[in-house]
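Visitor: I would like to go through this model and ask what lies behind the labels.

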Amino acid sequence: MARGLSQEEADRRLEENGPNRLEEKDPTTKWSIFKRQFKSSLIWILVAAAVISVFAGKMLEFYFVNAIIGLIAVMGFVQEWKAEQAMQKLEEMTQPKVKVIRDGKIKEIEREKVVPGDILKIDVGDKIAADAKLIKSNSLKVDEAILTGESKPVSKDAEDEIYSGTTVTYGRAEAKVTSTGMNTELGSIADDIQQEEEKTPLQKNVDRLGKQLGAVAVLATFVVMGLGLVRGAPFTEILIVSLALAVASIPEGLPLALTLTLSVGMKNMAKRNAVVKKMLAVESLGSTTTICTDKTGTLTKNEMTVKKVYADGQEYSVEGSGYVPEGDLLRDGENVNIQESDALRRMYITAVLCNNSYLMLKEGNYKIQGEPTEAALTVMGEKEGLKREELEEEFQRKEELMFTSDRKCMTTVSEETVTGENYAFMKGAPEVVLEKCSHVLKDGKRKKLTEERKKDIIRQNESMAGEALRVLGFAFKEDLEGAFDRENVEKEMTFVGLAGMIDPPREEIEEALERCEKAGIDVKMVTGDNARTARAIGKDVGLSEDPKVVTGEQVQDMSDRELELMVDDIDIFARTHPKDKLRIVKAFEEGDEVVAMTGDGVNDAPAVKKADIGVSMGQKGTDVTKEASDVILEDDNFATIVSAVKDGRRIFDNIEKFTSYLISINFTELVVLALGIAFFGFKYLPLIAVQILFLNVVEEEIPAIGLGMDPGTEGIMERPPRNPSAGIMHRRNLFLIGSMATVMGLSAFAVFYLSDPLKNLGVAQTATFAAITLMMISANFYRSLDKSVLEVGLFENRWLVGSVLFLIPVLVLLVYFPPTANIFGHQPLGLETWKTLTAATLVPIVALEALKKVANRYIDQSYMYKK
């Protein structure tokens, strides 16, 4: 055994090279998450309102606004930090110990402490800790799918390179570490993807809305200031009125409602196995027009399963899926026992004994150790009661002639414990196995393998392969004498059968794809597997009846423009490489598609980073890909993406609802103030700043949060994807907001006017405050902006109904309870005023229902959705 580094030298190299881990240029910290909460322009509008409050000497308003800013920042921070911790827990689950040779002894150390020059001891199931060069290789095979996208393990010999993050599926080896951390191939890709993040569609929409509202606030303030100066009003009075208008034009409750809605959305998605890392990415899922998904483990179970066997001239079907050892063996639809055919029984025994995989039951779930192909054979045997451990007590292994990519076969030699007779069991590529056979087992007898019989077997192999099954041939030899070497063992064997296996689709995939089709979302398979297998899976899961397949090599031959023109018509991209995936994402985005790209391997990270919504796998995904993604699927399931898209659509609908509602109320206040100034001048304002703040921050916020919790309307996944460029304030919503603000503003001013402000301003202001509060009951009618409340249900949203009813006792408390009434300058209202208020409350409800019909009839709404 090699001596390896001394512990002293290893410590020195660790100090010199640093820990063996991937570093972020801009690591996510608590401070960086907290700063991110202040990127929204809506927050800065609130800051501006706080500054105006100071200049106007209104400190109560100042503290009020600052409390809201703090609450928004804290809520956003808490939810995003939870998502970050969830990702860190997923990463911690993938940090095993590593075996190295130091001071001539095998030691287990933490992965981060591996240094260049260390000698790694590598075995089946190990994840390679660093880039290294093989010193010894005992039939080592490595799954490099995370780097190359190729699902088939690669054979490695002495002097070959192995790479950090890849997994050993077969054999054993020793290797000398050449690179660690960011100097590995894994680190190089991780470094490439650390770039400036693009804004999500919602970020762009919120920023645009913030600027629009800011412009309204500035315009209203300057108009009033100019008007006041022309009239010669005192500057302090002008400032107070300007503050009232600025506060009225800003929906202070909007950032809080937005944060709460997205926060609850993140929490609900996490319960359904979709961890969203950044709050504003929640809604982006709802805009998705195209999902580019990997095949293995996402559309399929990533559990190779034998589906067909051939023995004694008969074809059999094997029921069951994945690693659960349950499923019947059928011939022509009838159950079959393997004991009925000697060839079938011996094929099963050969498949189990010529095998190095194990099936284990852990915490109620079946897991495998070893190569997936061999695991499929082990499970096949267990379905018929053949357990490897029990068979190996009867047939004790003496020798193994290992599989290599050159040989394309594997043979084991076992001694039958009762008779002492030696048997050889072989599996491999059918054409290779046939070349080593002289006979075939048929009707219980060993018969000559004639050319005609060989052609029959080859035809059966081609038929099974045509169904995208991975086919293996099996043979055995009894009464083995002489040396246990290839020359003596692997000749004149007896062929017993074929087994065809495939990675089966997940049970829920077909339904998920149907939901995508109804929702107008295109699903494209992007895989490293060969075209034939990809096409078969695509047909099997319902991706297309006749999927159009293009290989990575064909993509490489296309120009960017050619790819952009063709990309929509292609169903499957097979044999793709990392650069192909990145070009595919760019091609879709150039066509104004909103792309969600799934990935697990490091090779997927650049494309995942580039996509509008990057989706990584929580179970098999690499740390690099998780870091590059916006969403992590804890169950690696495509159906979870579809559920997340539905949640994203519902959340954006709710954002539209409460934004339209909130701005309608705010502009109502602007209309009331403008009419008050026009009719009564600066001294007789219908509302004062503290009333407006309470309306905006507390009273209107409660129903807005209820709208944010809305369960959504039926058919949300039966309409085309939303057009991100339409924004929140598009034509229909602007029509509803402007119309409702006018109707409610006129109604509220009528209440103010009829309360005779010249005689008793306090009563008139109290009545106006009460009128706008009661008009917030109309929030229940905002549950749909295009359908009548009678269609969507008036009481379906319990949060909203409760919040609206809660406003009534709050209003009574503010008007009639002296300690609170004094803060706002409220005075008790008489019965006649309450009759007027009741009438004013009904006006916006009737108006909104009528305006929806007008909008549906006269406003073209097709621009809201992708064509």
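Guide: Phe 679, Phe 680, Phe 749, Phe 752 and Tyr 753 form one aromatic cluster. The model is predicted, so local features need pLDDT of at least 70 and side-chain atom pairs count only at pLDDT 80 or more, while totals for chains, interfaces and linings use all residues. Residues are numbered from 1 along each chain as its sequence is written, and side-chain values use heavy atoms, with hydrogens and water left out.

Visitor: Why is the pair of Phe 680 and Phe 749 called tilted?

Guide: The ring centres of Phe 680 and Phe 749 are 6.3 Å apart and the planes stand at 45°, so the pair is tilted. Phe 680 belongs to helix α24 (residues 638–680) and Phe 749 to helix α27 (residues 731–754), so this pair ties together parts 69 residues apart in sequence. Helices here are DSSP runs (H or I, at least four residues), numbered from the N terminus.

Visitor: Why is the pair of Phe 680 and Phe 752 called edge-to-face?

Guide: For Phe 680 and Phe 752 the centres are 5.7 Å apart and the planes are at 85°, so the pair is edge-to-face.

Visitor: How do you know whether Phe 680 and Phe 752 are buried or exposed?

Guide: Buried means under 20% relative accessible area, exposed over 50%, partly exposed in between (1.4 Å probe, protein chains only). Phe 680 has a relative accessible area of 18%, so Phe 680 is buried. Phe 752, at 0%, counts as buried.

Visitor: What makes Arg 722 lie over the face of Phe 652?

Guide: A charge sits over a ring if NZ of Lys or CZ of Arg is within 6 Å of the ring centre and within 35 degrees of the ring normal. Arg 722 lies over the face of Phe 652, at 3.4 Å from the ring centre. Arg 388 lies over the face of Tyr 358, at 4.3 Å from the ring centre.

Visitor: Why are α27 and α32 called roughly antiparallel?

Guide: Helix α27 and helix α32 (residues 831–858) pack at about 160°, with axes 10 Å apart. Angles under 35 degrees count as roughly parallel, over 145 as roughly antiparallel, 65 to 115 as roughly perpendicular and the rest as oblique. Axes are lines fitted to C-alpha atoms, for helices over the stretch in contact (heavy atoms within 4.5 Å), and angles run from 0 to 180 degrees between N-to-C directions. Therefore α27 and α32 are roughly antiparallel.

How values were computed. Rings of Phe, Tyr and Trp (its six-membered ring) pair if their centres lie within 6.5 Å; planes under 30 degrees apart count as stacked, over 60 as edge-to-face and the rest as tilted. Helices (H or I, at least four residues) and strands (E, at least two) are DSSP runs, numbered from the N terminus.
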